[in-house]
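Morning, everyone. I have one structure to walk through today. Please bring it up on the screen.

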Amino acid sequence: PGWGETWMVKDVWPKTRLLAFQEFFYGADLNFDPEFPENEQESRFRIRAKNASLLPGLDSMDWGLSPTAWQRAQFPAEYRRRISVIFDGVDTERVCPGRVPRLSLGNPEVTLEQGDEIVTFVNRNLEPYRGYHVFMRALPRLLELRPRARIVIVGGDGVSYGAPPPSGSWRDKFLSEVQGRIDMSRVHFVGMLRYG
């Protein structure tokens, strides 16, 4: 309901029961990373404006659900009592080791085989809000400690949350910081992947 989708559901269908996915109430993201400081006053205005679009949906829902207890805890107490936590993470019955002996993915194509030592970083977009910069800066040490490991990075070059980089993409900005210190033959950017 973050973009106002649920505001008028009860006006159109007054008797319907409305369950709303409550992913995030803004505020915890204010200056969450000291590397990317924000103007406190401007950010408070931004947060108030973003939350303003959430409030009518919170008022009209019969019940809400959040993926984690932390996400639920970000909502004001008067709404929290009507939000349940229902984890929506990875289906570990379907996505687990041992299903296929070899997997090819990405463009250019990367082939991974059962028994390969693989470290993954998976997000919709490779951006600071999702910790991409922290992961990339850890790669030189990680690759040194794990000489057989291959790194598979899944995600797009867009921005889902936070500000865009001053130029180019966040992917390239943080890759350029470590590029001379990592073996790129062991680091695979596979873009966005279909679930299958």
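Start with the fold: β6, α5 and β7 form a right-handed β-α-β unit. Keep in mind that this is a predicted model. The strands β6 and β7 run parallel. Six bridges join them, and β7 covers residues 150-156.

Now the rings. How many aromatic pairs are there? The count comes to nine. Take phenylalanine 121 with tyrosine 132. Their ring centres are 6.1 Å apart and their planes meet at 55 degrees, so this pair is tilted. The cut-off for edge-to-face is over 60 degrees, and stacked needs under 30.

Where do the two partners sit? Phenylalanine 121 is in strand β6, residues 118-125, and tyrosine 132 is in helix α5, residues 132-145. The pair therefore ties together parts that are 11 residues apart in sequence. Buried or exposed? Phenylalanine 121 and tyrosine 132 are both buried.

This pair belongs to a cluster. Ring pairs link Phe36, Phe121, Tyr132, Phe135, Trp170 and Phe174.

Next, a charge over a ring. Arginine 171 lies over the face of phenylalanine 189. The distance to the ring centre is 4.1 Å.

Last stop, serine 176. This residue is in helix α6, residues 170-178. Serine 176 is 40 residues from methionine 136 in sequence. In space, the C-alpha to C-alpha distance between serine 176 and methionine 136 is 9.7 Å.

That's my tour. Over to you.

Conventions:
Residues numbered from 1 in each chain as written. Predicted model: local features only at pLDDT ≥ 70, side-chain atom pairs only at ≥ 80, totals over all residues. Heavy atoms only, no water. Phe/Tyr/Trp six-rings, centres within 6.5 Å; stacked < 30°, edge-to-face > 60°. Helix = DSSP H or I, 4+ residues; strand = E, 2+ residues; numbered from the N terminus. Buried < 20%, exposed > 50% of the residue type's maximum accessible area, 1.4 Å probe, protein only. Lys NZ or Arg CZ within 6 Å of the ring centre and 35° of its normal. Pairing = 2+ DSSP bridges. Right-handed = clockwise from strand over helix to strand, strands pointing away.
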